[in-house]
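Trainee: I would like to learn how to read a structure I have not seen before. Where do we begin?

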Amino acid sequence: MENRDIKKPLRLLLVEDSVSDAALLEEYILSSKVWDIYLSVARTLEEAVAHLKDNYTDAVLLDLTLPDSRGLDTVLNVKKTTSDIPIVVLTGIDDEKTGIDALRIGAQDYLVKGQVDGPFIIRAVDYAIERKKAEEAVRLSEQRLRLSLQAGKSGAWEWDILKNQGWLSPETYELFGFEQEMQINSENMLLAVDERDRDKVSYLFSQCIATHTSPQMEFRIHHPLYGLQWVMISANIIYDDADRAVQIIGIVMDITERKQIEQERENTIEFLRIINKSTTTRALVRGALSFFQKHFGCEAAAVRLKNGEDYPYFETKGFPEEFILQENYLSSRDLLGQTICDKNGEPVLECMCGNVIKGLTDPQLSYFTQHGTFWTNSTSEFLLEKGTKNEKGRIDCNKCNVKKYESMALLPMRIGHERLGLLQLSDRHKGHFTVQLISSLERLVNYFTVAISKFRSDEALHESKEDLKRAQEVAHLGSWRLNVRKNELTWSEETYRIFGSTRGAPQNYETFLDKVHPDDREYVDKKWKAALHGEPYNIEHRILADGRIKWVRERAELEFDRNRTLTGGFGTIQDISELKEVEEQIKNLAKFPSENPYPVLRVLADGTISYGNSAADGLLKFWNKNIGEIVPDDWKSLIDEAIKTNNNILKEETLEKSVFSFTITPIKNSGYINIYGRDITEYRNSQKELRKTNLELEDRVKERTRQLEKIVEVLQREIIERTKAETKLIENQEKLRALSSELIMVEERERRQVATHLHDSIGQLLAFSKKELGALIKIAPDEMKGSLQEIWEFVRQAVEETRTLTSDLSPSTLYAIGFDAAIEELAEDSAKKGKFTYNFRCDLPQKTLMEQDKILFYRSIRELLINIIKYSQAKNVDINVEKINHKIRIVVKDDGIGFNVKDLDVKKGKSGFGLFSIQERLETLGGNLKVHSQKGKGTTVILTAPLSKGKQRKGV
């Protein structure tokens, strides 16, 4: 109070309806000589509210009983008018409780009328003003703290370790998604932590408490609204004088966004690795789909890529085969199977996939993004709300919904205006996607699209190169490129073939000239040098290739720099050897008359032979005609037809031992025809040989066919007989299995009968004898007690042996309690005998095993444990029983001395009757026994057998 500025006047409002009380209080207040006081008085709440609205006031002295307001409501009404002015409540002598209640709802102090004087009132008012200022400062500080925490997505928390009670700021409640009424203790807090991180969180706090370090860590929580979230906590631990940790104070921060960014960065790096490792479009898409399934947890993923006018599935993972077959293509088709096109000539693509690919999306709608992605967390709700059409086109996703796919995302794959296809992700669970997840997917799909575009371009280029290579092969046309600076000549594969050179062998102009025929080298070199001065290079010449002469045609386009210096060139070379041969034949045919080696005649329109070269003598002799005479009638008819139709007519004749083909060629408007002959003897002989060969082959084929038919007939009989034998064998095996199972049951019934007889007769007699001997020992003379004691011990051992034998013959636990308990008891007894530690685990559902199964598997495990006791010297034994599909799998493993499995011959029974018996019974039932062991590394025995089907047999 000493620090108050006394020069500043103190403005007070006294709200009191009692005139006498108001006068007395006014006298007390104004009697102060320390401060300048301006005092206003209001008789009602209405007057007080009006004064506070219009006048500055430092504090209010408030009576709670007014004509228009009573009790605590009076305080509340004043606070509604002005919440930043301190209120000092005035109460009666007998109403202190009301004053205390007023403090709880916001009053700064209360005074009891009749117990105060002037200085006391002023001091109380001054304290109230200072407390109000302090409260306001605290409020502003807390507000700033809350705003800071909210801005940083953080919250504060405290923990009383001894009481196991916590305090959380409102931000922390919101961050964890807790209800305000939730009890804050360690158990409830840990339940919010993801189960994968709970042990880590508990261990960290215990370690920090033990080592006096400050805990700081990141972990996952499950928010009831937002699902999996990441948080980071930082805290300080407070210890008492006894060095006990008593309290933890810390903050918690939402780092989900940072973790998402980190995860997206890691995903991007991994995805780019997949792209870099891929060598083909197929490999890239397969790797990408596996990536999307793994990191985004979708049940099914697929990629559609453009193929012609449609976008079929290029690769899928997780979709049923019938769905793929049904939904593979998007193009609408008419009744004739033809693609339906829109008014712009583009094919109509069905369903939402078609909309996304064609860009018929609206980012104003909640289920489309700016990038053109469609996504929904419930196709059922989407269809119910939106129907199947909108102004943009078809938006149905019925077909996916029919297959129970609720969550679905369709992400377009576009580069500029080029539409490559889309990525489809689907899951049968609702609520799979989030806005952040879709954004992350879109960024990855951008990389994916660019990579696919590059791969497809490279593959198209490779395909074009292959097509070019194939075209060169077909046309016998090679290519070459010259690099003058390096003096390198690069040839295509076909060029190497034309020249008969080894592919990849280095080439240059000199090596090329070496391949040119010696008679043509000077000509080729001359033409090449002329081309260096700008003349065209288009020549034909001979080369020497594969030991023979070939004709080639070369063309080239040379490249020069600004100084007209040759820098390189490109050219083609074509093998025209066949063309040259044809030209030679044509040339020979065109030699008329005397130079032609084949018959050539000229016949006038009336049939008169006007000319024939020397090669035509054979035909004239065959006709028995001379120059100037008329050709035979059959030839005259052909000549007349040729002149009339103005078409060539072919006719063959055998002249002595040679066959000739004659072409009757009319010469238009000349009045004659020319006859050109060509020797086709070799051709006809080859045809005869070919026909003869074909006939021989046909005969051989017929004979071979008859042989094969006989062989097939024999094989069919053998197959039928073998099928019958196999069927009989299967039937016998089934019978054998049934007999084996029955044998086990019969054997077990005998065992139980013997065990029952031992227990009920011999066991009871021995037990009774032991009891009677015990009683006799007590009353027998001392000289007989020693002998009786020995007899009693023998009887006791007989009782134990009988019980053991009874248990070995038929374990009562197996029938009374069950398989698990019987194996547990067996393992415990064996562990005592073999002095080893055992671990038994059984993951069989209730009522899995039928009686015959229980017996077989119990006997098998017992035999294996006996072997361990006898031979293994093991310290630890594991017994694991589990059901896999319709089979039972039993693994018995020990860490004993082991042995060489090659020395074990279970099939021949050399390993002992026990393992041999197990193996035989398992094989009879369709099972098997495997033994894995090495000396010094223990032994593992695996028993596998199908579980019995049908009802259990009675009698066991």
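Mentor: We begin with strand pairing: two strands pair if DSSP finds at least two bridges between them. This is a predicted model, and in it strand 20 (residues 477-483) and strand 21 are joined by four bridges and run antiparallel.

Trainee: Which residue in strand 21 is the bridge partner of Arg481?

Mentor: Thr490 is the partner of Arg481.

Trainee: In what order do the strands of the open sheet lie?

Mentor: The order is 21-20-24-23-22, five strands with antiparallel pairing. Strand 21 (488-491) and strand 22 (537-545) are the edge strands, each pairing on one side only. On average, neighbouring strands of this sheet are turned by 25 degrees against each other, direction ignored.

Trainee: Which helix packs on the sheet?

Mentor: Helix 18 (residues 521-531) does, touching strand 20, strand 22, strand 23 (548-560) and strand 24 (566-575). The direction of helix 18 makes about 145 degrees with that of strand 22.

Trainee: How do I read the two faces of a strand?

Mentor: In a regular strand, side chains alternate between the two faces of the sheet. Take strand 33 as the case: Leu929, Val931 and Ser933 make up its covered face, while Asn928, Lys930 and His932 make up the uncovered one.

Trainee: How many bridges join strand 33 to strand 34?

Mentor: Six, and the two strands run antiparallel. Lys930, from the uncovered face, has Ile942 in strand 34 as its bridge partner. The hairpin of these strands has five residues between them, and Gly936 takes a positive phi near 85 degrees there.

Trainee: What is Ile888 in contact with, leaving aside its neighbours within four places in sequence?

Mentor: Its contacts include Leu844, Leu849, Phe857, Val881 and Leu943.

Trainee: What share of the whole chain is buried?

Mentor: Buried residues make up 40% of the 956 residues. The secondary structure of the chain comes to 27 helices and 34 strands. The chain exposes about 56,700 Å², with carbon and sulfur atoms supplying 51% of it.

Key: Residues numbered from 1 in each chain as written. Predicted model: local features only at pLDDT ≥ 70, side-chain atom pairs only at ≥ 80, totals over all residues. Heavy atoms only, no water. Buried < 20%, exposed > 50% of the residue type's maximum accessible area, 1.4 Å probe, protein only. Areas by Shrake-Rupley, 256 points an atom, 1.4 Å probe, with all protein chains shown as cover. Contact = heavy atoms within 4.5 Å. Axes fitted to C-alpha atoms, helices over the stretch in contact; angles between N-to-C directions.
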